[in-house]
Amino acid sequence: MLDGKKVLFSGMQATGNLTIGNYLGALKNWVKLSDEYMCFYGVVDMHSITVRQDPAELRKRARSLMMLYIAAGLNPEEACIYYQSHVSAHAELAWILNCFTYMGELNRMTQFKDKSAKHADNINAGLFTYPVLMAADILLYQADVVPVGIDQSQHLELTRDIAIRFNNIYGDVFTIPDIYLGKAGAKIMSLQDPTKKMSKSDENPNASIYLMDDEDTVMRKCKRAVTDSEGIIMYRDEQPGLKNLIDIYCACKDVTPDEVVKEFDGQGYGVLKEAVGNAVNDLLRPLHDNYKKLEQDKAYVDQLIKNNAEKASYYANKTLRKVQKKVGFPERPR
Ligand code: TRP
């Protein structure tokens, strides 16, 4: 609890361009949750370097993600939005937690297995201990809830196990966080292969609608979306491309699939695709406007980055000092 509110932590990597899938599945929920919880949202740039990055590109993307968080509606004066690399407590706690995590546990992580297969030439120790840094992120702020996608639930389980293990030895140091799987958090699929999740790292740019895509691009991608040859607008698993378009429409307009099927009854796919394009553009317009304003106000964003890094450090260091004391590090003379 902080200021009478439960604490929420989540983070996103600054790799790849955010898609409407990230927005509709995660960011939109974060904005909703920010009234109820004391929120910390990290731009987790330390996680990003577990895979080789171009430095200038990483810096640019991290800044862009920071501005997107704000443009999407997170109030940076309430929610603490910050760069993970600006708060050194993350690295310090991660080291300590490494010593309370077993190789066997990390070996079981499916994301590690997937990523090692994908980056066989660079299976570094950071990739292996990635989940421990993630545990540090969460435990530093004594988070009660962590909204993440289902693909992160194994990491969350591990975080809980590490925290429970530590608490069993040293007493109640960490809050045990609950995973928060967004209720109807829309799951948006690729426009080119609707059996795959829409991903910010998809190699086919037509597969994903990026949050910063302009209106023509959005429309073009919607029109090119893969559907089927049935020619009837229905909402069912046998027509995954169509189903996905309907899901996108629903998430943008806050309507139900039934309503959409009724609305477009008897019409061709082209009509629906155009309507989806318009719905996405309506959704993105305010976000683009806000983003442009932030881009023009460098001093304002810089100040926020500084203030929030200080705020995050304050809370993180409180936990870190406690942990350091528990494990037996010498006191710091004042
Ligand atoms: N690993 C998460 C992802 O790729 C990002 C992340 C890092 C995170 N630290 C976190 C998410 C802490 C939630 C809480 O999606």
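Student: Is the crossing of helix 10 and helix 12 left-handed or right-handed?

Tutor: Two packed helices are described by the angle between their axes and the distance between the axes. The crossing of helix 10 and helix 12 is left-handed: the near helix is turned anticlockwise from the far one by less than a right angle, while clockwise is right-handed. Helix 10 (residues 240–253) packs on helix 12 (residues 269–296) at about 35°, axes 9 Å apart. Contact (heavy atoms within 4.5 Å) involves residues including Leu245 and Tyr249 of helix 10 and Val276 and Leu283 of helix 12. This is a predicted model: local features need pLDDT of at least 70, side-chain atom pairs count only at pLDDT 80 or more, and totals for chains, interfaces and linings use all residues. Residues are numbered from 1 along each chain as its sequence is written, and side-chain values use heavy atoms, without hydrogens or water.

Student: At what angle do helix 3 and helix 12 pack?

Tutor: About 130°, with the axes of helix 3 (residues 55–71) and helix 12 9 Å apart.

Student: Which way do the residues of strand 3 point?

Tutor: In a regular strand the side chains alternate between the two faces of the sheet. In strand 3 (residues 80–83), Cys80 and Tyr82 point one way, Ile81 and Tyr83 the other. All are buried (under 20% relative accessible area, 1.4 Å probe, protein chains only).

Key:
Axes are lines fitted to C-alpha atoms, for helices over the stretch in contact, and angles run from 0 to 180 degrees between N-to-C directions. Helices (H or I, at least four residues) and strands (E, at least two) are DSSP runs, numbered from the N terminus. Buried means under 20% relative accessible area, exposed over 50%, partly exposed in between (1.4 Å probe, protein chains only).
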